[in-house]
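Open the model in your viewer and keep the selection tool at hand. This tour goes stop by stop.

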Amino acid sequence: ANCPITEYVESGDAGDLPSTAAIASGNGPLLAIRGNLAINDADMFQINICSPGSFEATTVGGTTVDTQLFLFDPNGVGISHDDDDPVTGVLQSRLSSLFTSALPAGNYYLAISAYNMDPQDVNAAL
């Protein structure tokens, strides 16, 4: 209940920082984010996780690009990330509720990039 949109379609280029993230909004559970990922690009989306114990994000079956997924808290602090799917071993990514089940429901940031484009803090540390 009270979850955001069923499918969010990227308009333009989603930013790669919380301050420039695309905001997924609407009605119903968020089942898909559709967009384009340019070379040396990352896209970040503000999403609402209504049920942290049921959270999952995956690019498996949705692209042939070697992806990475990152989940950040409302302050931009990293919670979880994945490079290659731990379930199947394919080059796409999957995040599960393993690191979100104890979190409160609310807004978070989900980022996607191609392999080896990793987030850095203000000191350029991974």
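The stops below cover confidence, aromatic pairs and nonpolar cores.

**Colour by confidence.** This is a predicted model. The protein chain averages a pLDDT of 89, and 96% of the residues score at least 70. Look at strand β6, residues 67-72, where confidence is highest at 96. Then find β1, where it is lowest, at a mean of 86.

**Select Tyr8 and Phe45.** The count of aromatic pairs comes to 2. In this one, the ring centres lie 5.9 Å apart and the planes meet at 70 degrees, so the pair is edge-to-face. Tyr8 sits in strand β1 (residues 7-9) and Phe45 in strand β4 (residues 42-49), so the pair ties together parts that are 37 residues apart in sequence. Tyr8 counts as buried at 14% relative accessibility. Phe45 is buried as well, at 4%.

**Move to Phe70 and Phe72.** Here the aromatic pair is stacked, with 6.4 Å from centre to centre and 25 degrees between the planes. Both residues are buried.

**Show the largest nonpolar core.** It holds 15 residues. Which of them touch the most other members? Select Phe45, Ile47, Phe55, Leu71, Leu95 and Leu110. Strands β4, β6 and β9 (106-114) each supply at least two residues of this core.

**Centre on Leu95.** Beyond its neighbours within four places in sequence, Leu95 is in contact with residues including Phe55, Leu69, Phe70, Leu71 and Leu110. Glu56, Ser80, His81 and Asp82 are also among its contacts.

Terms used. Residues are numbered from 1 along each chain as its sequence is written. This is a predicted model: local features need pLDDT of at least 70, side-chain atom pairs count only at pLDDT 80 or more; totals for chains, interfaces and linings use all residues. Side-chain values use heavy atoms; hydrogens and water are left out. Rings of Phe, Tyr and Trp (its six-membered ring) pair if their centres lie within 6.5 Å; planes under 30 degrees apart count as stacked, over 60 as edge-to-face and the rest as tilted. Helices (H or I, at least four residues) and strands (E, at least two) are DSSP runs, numbered from the N terminus. Buried means under 20% relative accessible area, exposed over 50%, partly exposed in between (1.4 Å probe, protein chains only). pLDDT is the predictor's confidence in each residue, from 0 to 100. A nonpolar core is a set of buried Ala, Val, Leu, Ile, Met, Phe, Trp, Tyr and Cys residues joined through side-chain atoms within 4.5 Å. Contact means heavy atoms within 4.5 Å.
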